[in-house]
Amino acid sequence: MESLTFRHTTRKPLPGAVQSAITGVVASGNLEVLLERVLPPDACEVSIETPVTGYAAVWEAVVADFVARAQPGGLRISINDGGARPDTVSLRLLQGARLMEA
Amino acid sequence: MSPASTDPQALSWYEASARQRVAALADPGSFREFLGPTERVTSPHLPLFDLPRAFDDGIVVGRATLDGKPVLVAAQEGRFMGGAFGEVHGAKLIGLLRAALDVRPAAVLILFDTGGVRLQEANAGETAIAEAMRAIADLRAAGVPVIGLIGGRAGAYGGGGLIAGTCSRLAVSEGGRISVSGPEVIETNKGAEEFDSRDRALVWRTMGGKHRRLIGGADAFADDTVAAFRAAALDLIARAPAFDLATLEAEQARLEARIARFGDCRDATEIWARLGVNDPEAVPAMTTAAFDETAARVEEAHHDAR
């Protein structure tokens with residue numbers, strides 16, 4: 001297993017007041033994303049547990065792209081990966097952010 | 001924590017996740033989860049095998065209301081490790097069942113979606129199966145119905161099939177399957193001539209929802225929608241059998257009669273013919289309405305034996 005953590009500063013907090021949400025399932029080619037509104041409003045932390053090692057650079061790029069697009073300030077995001085492709089990861093992260101905005 | 005709103009009339013039980021099933025099955029907004037994902041009660045064993053964990057260990061448990069009545073609900077996630085029972089997964093189900101003895105809800109609903117015991121934590125999983133069956137027996141003896149709903153992609157296999165056998169009532173859909181040894185297990189042990197696991201039609205004829213309903217192994221046949229399973233659950237709660245010596249002796253007698261009557265059959269279609277189904281070959285393609293009419297005419301479909 002490989003554990004990765006990425007910390008970002010955002011320009012603004014994620015809108016909405018939902019305290020936590022989860023989306024996706026740990027299955028082959030899929031992942032689960034747990035989002036919790038527990039950080040300062042300009043901070044976002046994404047931590048990943050993945051059985052597929054050696055792709056830290058790809059994860060870093062996908063997470064940076066998500067943070068730039070969603071501005072998920074205040075969120076601690078925890079991922080259990082089942083070997084998802086980068087596009088699936090992007091989709092789940094955006095789904096999760098949308099659930100938190102509800 | 002519930003996912004985006006979904007129409008239970010249209011939501012496929014088979015396609016839905018465990019969380020979506022629970023949210024759409026219960027009265028809107030009534031579900032409260034115990035030990036939810038933010039508590040991170042995860043498997044202590046999977047990291048030893050370099051395998052990913054799930055924040056809920058593949059099972060969602062909690063309380064809700066169904067038509068205003070309090071129920072406890074457990075839903076297995078069939079896509080996480082085949083919905084298999086590990087130590088935490090099993091403990092969450094057993095804890096819920098034991099809590100029901102104190103809470104005395106109108107029913108406990110178990111949304112099965114499991115291949116059985118998780119091989120990486122097999123001892124804990126096997127123990128959980130036994131403890132769950134004991135807890136269900138205690139609950140039924142106390143007069144709390146335990147209803148199993150089966151229509152997920154993993155079916156109810158292995159120990160999950162055993163637990164299903166101890167429930168008060170079962171509802172199953174076309175996609176649902178109930179058995180103990182799965183198709184691949186039988187083929188591995190007895191050969192493809194005995195059971196060809198790649199023959200999908202054979203698998204569903206032998207273990208699928210329609211067959212289980214016709215021989216009385218399941219008490220309701222539901223369309224593959226959350227709304228149909230909700231209607232089936234409400235109906236089955238209202239007609240749960242007593243759990244007493246007379247019921248158990250009747251079940252034993254019916255099981256003995258079943259093996260005497262059908263023990264020499266080579267295929268489920270032979271069993272359906274002996275049950276009095278006019279056109280057994282047509283059963284797999286029947287619509288739910290046509291199938292319900294057929295099942296209503298079959299006497300064995302209406303007894304309590306699994």
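Predicted model: local features only at pLDDT ≥ 70, side-chain atom pairs only at ≥ 80, totals over all residues.
Two strands are said to pair if DSSP finds at least two bridges between them, and on that basis 5 strands of chain A form an open sheet.

- The strands follow one another in the order S1-S4-S5-S3-S2, and their pairing is mixed.
- The edge strands are S1 (2-9) and S2 of chain A, each of which pairs on one side only, and the twist from one strand to the next averages 10°.
- Within this sheet, strand S4 (residues 43-50) of chain A and S5(A) pair in the parallel sense over 5 bridges, and A:Ser47 stands opposite A:Ser78 of S5(A).

**Helices on the sheet of chain A**
- Helix H1 (residues 56-70) of chain A lies across S1 and S4 of chain A, and runs at about 30° to S1(A).
- Helix H2 (residues 86-101) of chain A also packs on the sheet, where it touches S2, S3 and S5 of chain A, and its direction makes about 35° with that of S3(A).

**Where chain A meets chain B**
- In the contact between the two chains, 17 residues of chain A meet 16 residues of chain B.
- On the side of chain A that touches chain B, strands S2 (20-23), S3 (31-37) and S5 (75-81) of chain A each supply at least two residues, and S2(A) gives the most, with 4 residues.
- The residues on this side of chain A divide into 9 nonpolar, 4 polar and 4 charged.

**An enclosed strand in chain B**
- Strand S6 (residues 169-173) of chain B is largely enclosed by the rest of the structure, because 5 of its 5 residues are buried.
- In a regular strand the side chains alternate between the two faces of the sheet.
- Both faces of S6(B) are covered, with B:Arg169, B:Ala171 and B:Ser173 buried on one side and B:Leu170 and B:Val172 buried on the other.
- Strand S5 (residues 146-150) of chain B runs parallel to S6(B) and is joined to it by 4 bridges, and B:Leu170 of S6(B) is the bridge partner of B:Gly148.

**Two packed helices in chain B**
- The axes of helix H2 (residues 87-103) of chain B and helix H3 (residues 122-141) of chain B come within 9 Å and cross at roughly 15°, which means that H2(B) is roughly parallel to H3(B).
- H2(B) passes H3(B) in a left-handed crossing, and the contact includes B:Leu93 and B:Leu97 of H2(B) as well as B:Ala128 and B:Ala132 of H3(B).
- The residues of this contact of H2(B) with H3(B) divide into 12 nonpolar, 2 polar and 4 charged.

Terms used
Residues numbered from 1 in each chain as written. Chains lettered and ligands numbered in written order. Axes fitted to C-alpha atoms, helices over the stretch in contact; angles between N-to-C directions. Parallel < 35°, antiparallel > 145°, perpendicular 65-115°, else oblique. Left-handed = near helix turned anticlockwise from the far one by under 90°. Contact = placed C-beta atoms within 7 Å. Nonpolar A, V, L, I, M, F, W, Y, C, P; charged D, E, K, R; others polar. Buried ≥ 20, exposed ≤ 12 C-beta atoms within 10 Å, placed from the backbone.
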